[in-house]
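Below is a short report on one chain. It covers ring contacts, charged pairs and a sheet.

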Amino acid sequence: QVQLVESGGGLVQAGGSLRLSCGATGRTDSRYAMGWFRQAPEKEREFVAAISWSGSNAYYADSVKGRFTISRDNSKNTVYLQMNSLKPEDTAVYYCAAPRSARAALVVREGYDYWGQGTQVTVSS
């Protein structure tokens with residue numbers, strides 16, 4: 001099993017940046033992709049970004065393309081989300097997630113079995 005813990009959230013003004021980290025513990029030897037999701041109040045949890053195990057392939061929601069960058073360091077069992085040019089609409093709880101298999105769909109919640117507790121990102125205008 002995999003346990004995920006997010007960190008790096010906080011309060012930032014519009015246009016600012018934050019870097020989120022997600023550390024994985026437990027069974028981390030599988031060559032799985034990793035993803036980031038977010039959930040704003042009264043909204044469904046939505047896909048933000050995902051990255052292949054090697055880091056060679058990254059996928060982004062249209063809403064964050066050009067502003068967010070996902071990366072990972074497998075030697076540290078950590079995935080990152082660099083968030084630049086933040087907007088108030090980026091305000092949400094951000095979750096990292098590990099997929100259920102190496103072939104799971106990465107852009108939907110159902111593709112993931114393991115979730116962190118989330119870290120709050122608040123962007124003020």
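Over the ring of which residue does the charged end of Arg-45 sit, 3.7 Å from its centre? The ring belongs to Tyr-95. The charged end of Arg-45 also sits over the ring of Trp-115, 4.9 Å from its centre. The criterion is NZ of Lys or CZ of Arg within 6 Å of the ring centre and within 35 degrees of the ring normal.

This is a predicted model, in which local features need pLDDT of at least 70 and side-chain atom pairs count only at pLDDT 80 or more, while totals for chains, interfaces and linings use all residues. Residues are numbered from 1 along each chain as its sequence is written, and side-chain values use heavy atoms, with hydrogens and water left out.

## Aromatic pairs

The structure holds four aromatic pairs. Rings of Phe, Tyr and Trp (its six-membered ring) pair if their centres lie within 6.5 Å; planes under 30 degrees apart count as stacked, over 60 as edge-to-face and the rest as tilted. Phe-37 and Tyr-112 are edge-to-face, because their ring planes stand at 80°, with centres 5.0 Å apart. Phe-37 lies in strand E4 (residues 34-39) and Tyr-112 in strand E10 (residues 112-115), so this pair ties together parts that are 75 residues apart in sequence. Strands (E, at least two residues) are DSSP runs, numbered from the N terminus.

Tyr-112 also pairs with Trp-115. Here the centres are 5.7 Å apart and the planes at 55°, so the pair is tilted. Ring pairs link Phe-37, Phe-47, Tyr-112 and Trp-115 into a cluster.

Burial differs along this group. Buried means under 20% relative accessible area, exposed over 50%, and partly exposed in between (1.4 Å probe, protein chains only). Phe-37 is buried at 1%, and Tyr-112 is buried at 3%. Trp-115 is partly exposed at 24%.

## Salt bridges

The structure holds six salt bridges. Each is a side-chain nitrogen of Lys or Arg within 4 Å of a carboxyl oxygen of Asp or Glu.

| Pair | N to O distance |
|---|---|
| Glu-46 and Arg-38 | 2.7 Å |
| Asp-90 and Arg-67 | 2.7 Å |
| Arg-100 and Asp-113 | 3.3 Å |

Glu-46 is partly exposed, with 36% relative accessibility.

Asp-90 and Arg-67 form a salt bridge. Asp-90 lies in the loop between E8 and strand E9 (92-99) and Arg-67 in the loop between strand E6 (58-60) and E7, so the pair ties together parts that are 23 residues apart in sequence. Asp-90 is buried at 0% relative accessibility. Arg-67 is buried too, at 9%.

Arg-38, Glu-46, Arg-67 and Asp-90 are linked in a network of salt bridges.

Arg-100 and Asp-113 form another salt bridge. Arg-100 is in the loop between E9 and E10, Asp-113 is in strand E10, and they are 13 residues apart. Arg-100 is partly exposed at 46%. Asp-113 is partly exposed at 41%.

## The sheet

Four strands make an open sheet in the order E1-E3-E8-E7, with antiparallel pairing. Strand E1 (2-7) and strand E7 (68-73) stand at the edges, each with a single partner strand, so one side of each is left without a neighbour in the sheet. Two strands pair if DSSP finds at least two bridges between them. E7 and strand E8 (residues 78-83) pair in the antiparallel sense over six bridges. Thr-69 has Gln-82 in E8 as its bridge partner.
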